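Thanks for making the time this morning.

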Amino acid sequence: MQVQNLLQYTSSVDDIEEQLHALVETRYIKTHTPLVFEALGFIQRLYHGKLRDNSVPYILHPLRVALMLGQYEERTGTKLLIAALLHDTIKDGDLEDAEIEQRFGHFVAKLVTKVARYTSNTGDTSSTDWDEILLESHEIRALKVFEELDNVMYWRILPVNHALRNNIPFWLEDVRTKYLPLAHATNMQAYELMHQEYTYYVKHGYAHH
Amino acid sequence: MSNMATPTISQLPSDIKRRLRRKGDFFLCPDDIVCPKVAYIGENVYYRFMNFVYLPQPPDSLSIEKVVELCDLRLDLMGKLVNTDINKHIVAQAANVVKAHSAKPLSGLRVLDFGCGSGFSSLLLKEELPGIRITGVDISKKAVKHARKAGLTVERTYPDKALPFDNASFDYIFAIFVMHFNVGVSTLEELKRILHPSGKFVFNVYRRDVEGVLEQLDEVGFHIDEVMSVEGANGTTTNHVIVSCASFTPDFVS
């Protein structure tokens, strides 16, 4: 797997999908793989033609989160991969938790629901909610950590002068106070990558990439 | 997670922090204080393990290296870190699965104690199941040495390397106080390989972690037979469940 491409947000949707297919087909037993491809097909239809902040295909985010989990998190099974692919569907109102449970099982629904709970529409969580996630199971924490890691990497490619760049200082404060401790408690590779990104913004500023 | 409000996780009080003793990546707590279960020490969150050690990650997120470090620490502090009554109770409950299931006489049953540590659980299993032929494995060199001194047959194993046994070598595999740690999928696949098709993998786990563990087992093809809550003395509840699973679905076994 070309980790450098994954980290630098330069791979195309086709590249990432190809890598995900290879990962799933080589790592998991055959009885479990069709559900992953069903989830993949679902978000392919859901996010078809949709862009994230008018910059990159929306689907890149869930694909990259799933692939990073597969790459860096040895406990990632097919259910966690599916949850990564679907993690934004409840928050965005595309699926109900009951529908996820019916199609993909209780464990996937639990992971997706929990992660949605820790992300409000503004992207903020109360400190009490945040304390709860620090006590959650490894799988829930890992999904949240890699989701945020991908967000932090994505900020680098936000178009110059994009209005969202003004939010980066506030987001960085969340990274320092919430996400770095969460990553430290969950996956040291994710922690190191997130710390590297955080340091980059602190050193180089955030107005331009 | 219960519906009760979660207390805010705070910085460890400075009077406690001053009395912590650093031990590798861990902090040893003072003997005379029950420290908060979870607290910030500096910028990061630390999780109390039993009453005496703060870990930089909860047990289910510890790397293999840190698990070894913790196991070695437990050997150094056996009296403090190992609650022998709980151990005996859990082993007795796990042994009951064999007593209820095994069609063969106990004598000669081939049993693996996965993550045997000091060998304490192996010795208890031998008491509970007289006549079994038990072999221990552990990734800690120190633990292997310790268990061999206790007269046990023990092999040292290495993460991501095949376990040193032929296919279907064991009738039962036990993992006592192991599965709350991060046990990789490749290791679970190995356990499945060395377990006889009619055998059982039996382990205890803290209840809060059990669903993720069951999913991992399902992922490698184990069939979950039973998940049983462990009652404490006088019918009190404990935080443990005993899980029994088979390497093949029941229909497959003749």
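Let me begin at a single backbone position: just after α8 of chain B, Gly221(B) adopts a positive phi of about 100 degrees. Please keep in mind throughout that this is a predicted model, for which the predictor reports an ipTM of 0.87 and a pTM of 0.91 for the complex.

Which residues, then, make up the contact between the chains? It draws 25 residues from chain B and 24 residues from chain A. On the side of chain B that touches chain A, the elements giving two or more residues are β4 (44-49) and α8 (210-219) of chain B, and the largest share, 5 residues, is contributed by α8(B). By class, that side of chain B consists of 8 nonpolar, 11 polar and 6 charged residues.

From α2(B) the contact takes Cys71(B), Asp72(B) and Leu75(B), and from α6(B) it takes Lys142(B), Ala143(B) and His146(B), a set made up of 3 nonpolar, 1 polar and 2 charged residues.

In chain A, helix α9 (residues 138-155) and helix α11 (residues 188-204) pack with their axes 10 Å apart, at an angle of about 25 degrees, and α9(A) is therefore roughly parallel to α11(A). The crossing of α9(A) past α11(A) is left-handed. Here Val145(A), Phe146(A), Leu149(A), Val152(A) and Met153(A) of α9(A) meet Ala190(A), Leu193(A), Met194(A) and Glu197(A) of α11(A), and these residues divide into 8 nonpolar, no polar and 1 charged.

Finally, a word on confidence. Chain B has an average pLDDT of 88, and 92% of its residues score at least 70; over residues 250-254 of chain B, however, pLDDT stays under 50, and the model has 3 contacts beyond four places in sequence for that stretch. Where pLDDT is low, predicted coordinates should not be read in detail.

Key
Residues are numbered from 1 along each chain as its sequence is written. Chains are lettered from A and ligands numbered from 1 in the order in which they are written. This is a predicted model: local features need pLDDT of at least 70, side-chain atom pairs count only at pLDDT 80 or more; totals for chains, interfaces and linings use all residues. Two residues are in contact if their C-beta atoms, placed from the backbone, lie within 7 Å. Helices (H or I, at least four residues) and strands (E, at least two) are DSSP runs, numbered from the N terminus. Ala, Val, Leu, Ile, Met, Phe, Trp, Tyr, Cys and Pro count as nonpolar, Asp, Glu, Lys and Arg as charged, and the others, Gly among them, as polar. Axes are lines fitted to C-alpha atoms, for helices over the stretch in contact, and angles run from 0 to 180 degrees between N-to-C directions. Angles under 35 degrees count as roughly parallel, over 145 as roughly antiparallel, 65 to 115 as roughly perpendicular and the rest as oblique. A crossing is left-handed if the near helix is turned anticlockwise from the far one by less than a right angle, and right-handed if clockwise. pLDDT is the predictor's confidence in each residue, from 0 to 100.
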